[in-house]
Amino acid sequence: MSIYLKVRAVERVFNQLEKEVGSFQKSTGLGCMPNCGKCCSKPDINASALEFLPLAYSLFKNGEAEQWLDKLNNDKSTTLCPVLNTILAPGDIGFCSDYAHRGLICRLFGFSAMLHKNDKPILVTCKPIKEGMPVAVAKAESHIAAKKDYPLISNYYMQLRSIDESLGEELFPIRIAIAKAINAVLGYYAYRRPPKGTKVA
């Protein structure tokens with residue numbers, strides 16, 4: 001399967017997730033706290049390379065992939081996600097500088113469930129939401145306990161692995177995951193014609 005087809009397959013998983021998260025939020029009232037971004041500023045976020053393949057492909061098409069890879073390889077001063085805006089500028093709606101190409105973990109956290117002891121699903125959300133939206137959190141927990149529709153983390157990672165096991169199986173610190181995704185795209189196009197409309201770096 002070509003890199004382009006893998007990117008499209010990942011995007012289809014993301015689109016399916018967006019619908020399920022939207023339905024879950026509508027049923028429970030869960031939502032992010034305004035101007036928060038605390039989950040994005042965690043220094044120990046792990047992700048697979050595959051979930052950032054759409055980002056890497058976009059960077060490659062815009063002629064920015066090698067520049068980003070150099071930055072990721074040489075800047076050891078931080079472990080934070082390189083897509084993170086640490087300060088919100090006027091008009092910004094969030095801390096992610098490329099929201100459309102954010103990873104699976106970014107889409108799942110706060111509005112999904114994971115299997116706990118005895119395969120019991122539990123809500124995965126953050127402290128600001130728990131403290132700021134206790135009624136919605138309780139409703140979400142009841143919703144999950146009643147086995148209604150909700151995003152299950154393991155299901156989505158399994159779907160990703162079925163697209164490309166080598167890129168989707170292992171989790172890495174987020175900067176390494178993004179670097180591996182960029183390397184996968186650069187490696188694929190090293191001896192192939194780049195996609196139409198690709199900018200020269």
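**Close-up legends for the predicted model**

**View A. K147 sits in the loop between α6 (134–145) and α7 (153–163).** Helices and strands here are DSSP runs numbered from the N terminus (helices H or I, at least four residues; strands E, at least two). Before you look further, please note that this is a predicted model, in which local features need pLDDT of at least 70, side-chain atom pairs count only at pLDDT 80 or more, and totals for chains, interfaces and linings use all residues. Residues are numbered from 1 along each chain as its sequence is written, and side-chain values use heavy atoms, with hydrogens and water left out. Although K147 is not a glycine, its phi is positive, at about 60 degrees. K147 counts as exposed, at 74% relative accessibility (exposed means over 50% relative accessible area, buried under 20%, and partly exposed in between, with a 1.4 Å probe and protein chains only).

**View B. N118 is another non-glycine residue with a positive phi, near 55 degrees.** You will find N118 in the loop between β2 (112–115) and β3 (121–124). N118 is exposed, and its relative accessible area is 80%.

View C. If you are tracing the buried side of α1, look for residues including V7, V10, F14, L17, V21 and F24. Just after α1 comes G29, whose phi is positive, about 85 degrees.

**View D. K6 is a buried lysine in this model, with a relative accessible area of 15%.** K6 belongs to helix α1. Setting aside its neighbours within four places in sequence, K6 is in contact with M1, L53, I163 and D164 (contact means heavy atoms within 4.5 Å).

**View E. R107 and E18 meet through their side chains in a salt bridge, 3.2 Å from N to O.** A salt bridge here is a side-chain nitrogen of Lys or Arg within 4 Å of a carboxyl oxygen of Asp or Glu. This pair links distant parts of the chain, with R107 in helix α4 (residues 104–108) and E18 in helix α1, 89 residues apart. R107 is buried, at a relative accessible area of 8%, while E18 is partly exposed, at 34%. E18 and R107 also join R102 in a network of salt bridges. In the whole structure, the search finds 6 salt bridges.

**View F. K127 and E131 form a salt bridge in which the closest N and O atoms are 4.0 Å apart.** Both residues are in helix α5 (residues 127–132), and being 4 residues apart, they are separated by about one helical turn. An α-helix has 3.6 residues a turn, so residues three or four places apart point the same way. K127 is exposed, with a relative accessible area of 59%, and E131 counts as exposed too, at 57%.

**View G. K42 and D44 meet in a salt bridge between their side chains, 3.2 Å from N to O.** K42 is partly exposed, with a relative accessible area of 39%. D44 is also partly exposed, at 49% relative accessibility.

**View H. Helix α3 (residues 65–74) packs with helix α9 (residues 174–188) at an angle of about 145 degrees, their axes 10 Å apart.** The axes are lines fitted to C-alpha atoms, for helices over the stretch in contact, and angles run from 0 to 180 degrees between N-to-C directions. The α3 residues A65, E66, W68, L69, K71 and L72 meet R175, I178, A179, I182, N183 and L186 of α9. By class, this contact of α3 with α9 has 8 nonpolar, 1 polar and 3 charged residues (Ala, Val, Leu, Ile, Met, Phe, Trp, Tyr, Cys and Pro count as nonpolar, Asp, Glu, Lys and Arg as charged, and the others, Gly among them, as polar).

**View I. K71 lies in helix α3.** At 47% relative accessibility, K71 is partly exposed. K71 and A179 are 108 residues apart in sequence, and their C-alpha atoms are 9.5 Å apart in space.
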